Amino acid sequence: QRQMCIRDRVARKEWRLIALEAGLGYHKRRYDGSKLDDNDTFIYRLTLDGTSTSGKTRYSLAGQQNYNYLGFNSNDYYKAYRFSGKLDYDATVRISTGLEGSYQNDDYVNSSREDDIYAVSADLGYLIKEWLELYFSVGYEKRNSNFASEEYDKTLALVELRVDYDLGKN
């Protein structure tokens, strides 16, 4: 049986063109009848969001640590340290673009496994109607691991038709 307690607090301060958000939390996990050691982990998140004076450009930088469970077996708990950045630009009223990148280190509990994951992506959106957008994204992700069987390279291309229609609208 697994017992878990998560406590967290988040603070956000907004100024005219930027916002800073900080979160701090605590995981307390106790395992009855398990080979896993009990775990107490502090978690945190720090995010800086901003926009240009014209409002056409937006950015976000973030760093965080969290404690995760994949759910496959008892050794799938890991601490994740993640750093990411995103830049969005509205080229016109109808066309938006974006770039995003991240680095994450996964340090597995009860295992010598450690992964480094690098990702980058770019996107393009075209607003067909106020409530309908055609969205295209391409990305690349690479995971380096000290377990050779867990390494991969992934290339992704995605096309979406996004609908955001207010059903309560008259």
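Start at S112. Leaving aside neighbours within four places in sequence, S112 is in contact with N146 and F147. Contact here means heavy atoms within 4.5 Å. S112 lies in the loop between β6 and β7. Strands are DSSP runs of E with at least two residues, numbered from the N terminus.

Before moving on, some ground rules. This is a predicted model, where local features need pLDDT of at least 70 and side-chain atom pairs count only at pLDDT 80 or more, while totals for chains, interfaces and linings use all residues. Residues are numbered from 1 along each chain as its sequence is written, and side-chain values use heavy atoms, with hydrogens and water left out.

**Stop 1**

Is S112 buried or exposed? S112 is exposed, with a relative accessible area of 58%. The cut-offs are under 20% relative accessible area for buried, over 50% for exposed and in between for partly exposed (1.4 Å probe, protein chains only). The C-alpha atoms of S112 and N146 are separated by 8.2 Å, and the two residues are 34 apart along the chain.

Select R113 next. R113 also lies in the loop between β6 (95-108) and β7. R113 counts as buried, at 9% relative accessibility. Show its contacts, leaving aside neighbours within four places in sequence: they are D106, D107, Y108, R143, S145, N146, F147 and E150. Then show D115. The side chains of R113 and D115 make a polar contact of 2.6 Å. A polar contact is a pair of N or O atoms within 3.5 Å; within protein, one must be able to donate a hydrogen and the other to accept it, and residues adjacent in sequence count only if both atoms are side-chain atoms.

**Stop 2**

Colour residues 114-129, which are strand β7, and residues 132-145, which are strand β8. How many bridges join β7 to β8? There are 14, and the strands run antiparallel. Two strands pair if DSSP finds at least two bridges between them. β7 and β8 form a hairpin, with 2 residues between them. Click on L124: F136 in β8 stands opposite L124.

**Stop 3**

Keep Y152 on screen and select E141. E141 is found in strand β8. E141 is buried, with a relative accessible area of 18%. The side chains of E141 and Y152 are joined by a polar contact of 2.2 Å. Leaving aside neighbours within four places in sequence, E141 is in contact with I117, Y118, A119, Y152, D153 and K154.

**Stop 4: salt bridges**

Side chains of opposite charge can pair when their charged atoms come close. A salt bridge is a side-chain nitrogen of Lys or Arg within 4 Å of a carboxyl oxygen of Asp or Glu. How many salt bridges does the structure hold? The structure holds 16.

Select D153 and K142. They form a salt bridge, with the closest N and O atoms 3.1 Å apart. D153 lies in strand β9 and K142 in strand β8, so the pair ties together parts that are 11 residues apart in sequence. D153 is partly exposed at 48% relative accessibility, and K142 is partly exposed at 28%.

R143 counts as buried at 15% relative accessibility, whereas E150 is partly exposed at 26%.

Move to R162 and E160. Their side chains meet in a salt bridge at 3.0 Å, N to O. R162 is partly exposed, with a relative accessible area of 34%. E160 is partly exposed too, at 26% relative accessibility. Next, select R12, E14, E21, R45 and D49: salt bridges that share partners join them into one network.

**Stop 5: a nonpolar patch**

Finish on the surface. Select I95, L124, Y126, I128, L134, F136, V138, V159 and L161. Together they form a nonpolar patch with about 770 Å² of accessible area. Patches are made of residues with over 30% relative accessible area and no salt bridge; like charges are joined within 9 Å, and nonpolar side chains (Val, Leu, Ile, Met, Phe, Trp, Tyr) within 5 Å. Accessible areas come from the Shrake-Rupley method with a 1.4 Å probe; for residues, only the protein chains shown count as cover.

Which strands each supply at least two residues of the nonpolar patch? β7, β8 and β9 do. End on L161, which is found in strand β9. L161 is exposed, with a relative accessible area of 56%.

How values were computed: Helices (H or I, at least four residues) and strands (E, at least two) are DSSP runs, numbered from the N terminus.
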